[in-house]
Amino acid sequence: MRSSNPVLTRLDETSRGQRRAGGAEAMTVDDVVVRTVGLLLLTGLTAAIAWVVVPQAVWVPAALAGTALAGLVLAVVISWRGIANPVPIVGYALLQGLLLGVASRAFELVYPGIVVQAVAGTFGVFLGMALLYRARLVRATPLLARLVVGTLLGVVAISLVNLAVYLVTGRQGLEIYSLTGEVGWPAYAFSVVAIIAGALSFILDFDLVERSIRAGLPRRYAWLCAFGVLVGLIFLYWQILRLLSYLRR
């Protein structure tokens with residue numbers, strides 16, 4: 001069974017052929033938790049600095065686009081190659097922190113209080129999924145994996161097409177890029193589906209991290225696990241932030 005998160009899917013493939021190579025110490029849950037918290041703190045600190053320091057100038061949209069593209073490329077490279085080196089992973093956290101800080105401030109100026117709501121919602125969903133997984137109330141079954149993977153792939157594909165259409169024609173479809181534009185029911189439905197799929201993906205990721213630990217992967221792979229969780233949290237934050245902006249229009 002493969003995770004919906006490509007970062008952690010890479011771990012699944014690695015665990016088949018690597019077992020504590022060279023006497024390396026195996027990673028533990030604590031290793032993953034510590035690195036995840038560290039990356040989240042770094043992302044949050046960078047976002048806070050960007051919020052205060054980066055001005056809302058004309059060039060900000062171009063800077064945001066460049067940061068988002070660089071972050072996407074870095075995430076793909078880390079995922080594809082299964083990089084467990086903390087340097088590029090920390091670089092990704094810094095880039096995403098810059099993007100989160102500037103973009104979140106733009107939302108906050110239009111909808112005061114929305115950022116706190118989105119952050120609370122994101123970690124609330126994550127904690128809820130962790131508790132459900134811990135209690136084994138939701139299991140990472142093959143059927144769940146197929147549904148979540150298929151849905152997330154569809155969300156990403158539609159988002160890319162929607163963005164391309166918007167850049168060429170200025171029309172907004174299932175994702176609304178304007179902070180004050182009118183929102184129809186398809187955009188609401190798309191956001192809800194994306195949030196549900198993003199939340200359920202954590203169940204698959206928890207399962208894969210647990211199995212990777214049992215497989216005895218070296219401690220350095222805890223960085224890759226933490227990176228995978230960070231990617232999932234950032235995706236969920238954007239989806240919740242967008243839906244909240246729809247509801248407050």
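**Figure 1. Thr36 and its surroundings in the predicted model.** The side chain of Thr36 comes within 2.7 Å of the backbone oxygen of Val32, in a structure that is a predicted model. Thr36 belongs to helix 2. Its relative accessible area is 11%, so Thr36 is classed as buried, the cut-off for that class being under 20%. Apart from neighbours within four places in sequence, Thr36 contacts Ala226 and Val229.

**Figure 2. A nonpolar surface patch formed by Val29, Val33, Val37 and Leu41.** Together these four residues present about 360 Å² of accessible area. Leu41 sits in helix 2, which covers residues 29-53. Leu41 counts as exposed because its relative accessibility is 59%, and the exposed class begins over 50%. Thr36, also a residue of helix 2, is by contrast buried at 11%.

**Figure 3. Leu179 in the loop between helix 6 and helix 7.** Helix 6 comprises residues 142-169, and Leu179 is found in the loop that lies between it and helix 7. When residues up to four places away in sequence are left out, Leu179 touches Ala106, Phe107, Val110, Tyr111 and Arg249. Ser245 is 66 residues from Leu179 in sequence, yet the C-alpha atoms of the two are 7.3 Å apart in space.

**Figure 4. Helix 7 and the residue Gly216 that follows just after it.** Helix 7 runs over residues 185-214 and contains 30 residues. At 1.5 Å a residue, a helix of this length should span 44 Å; the C-alpha atoms at its ends are 45 Å apart, so the two values agree. Just after the helix, Gly216 adopts a positive phi of about 80°.

**Figure 5. The whole chain, as context for the close-up views.** The secondary structure consists of eight helices and zero strands. Read from the N terminus, the order of elements is α-α-α-α-α-α-α-α. The chain has 249 residues, and 44% of them are buried. Among contacts with a separation of 6 or more, 86% join residues 24 or more positions apart.

Key. Residues numbered from 1 in each chain as written. Predicted model: local features only at pLDDT ≥ 70, side-chain atom pairs only at ≥ 80, totals over all residues. Heavy atoms only, no water. Patch = residues over 30% accessible without salt bridge, like charges linked within 9 Å, V, L, I, M, F, W, Y side chains within 5 Å. Areas by Shrake-Rupley, 256 points an atom, 1.4 Å probe, with all protein chains shown as cover. Salt bridge = Lys/Arg side-chain N within 4 Å of Asp/Glu carboxyl O. Helix = DSSP H or I, 4+ residues; strand = E, 2+ residues; numbered from the N terminus. Buried < 20%, exposed > 50% of the residue type's maximum accessible area, 1.4 Å probe, protein only. Polar contact = N/O pair within 3.5 Å; in protein donor to acceptor, adjacent residues only side chain to side chain. Contact = heavy atoms within 4.5 Å. Expected span 1.5 Å × (residues − 1).
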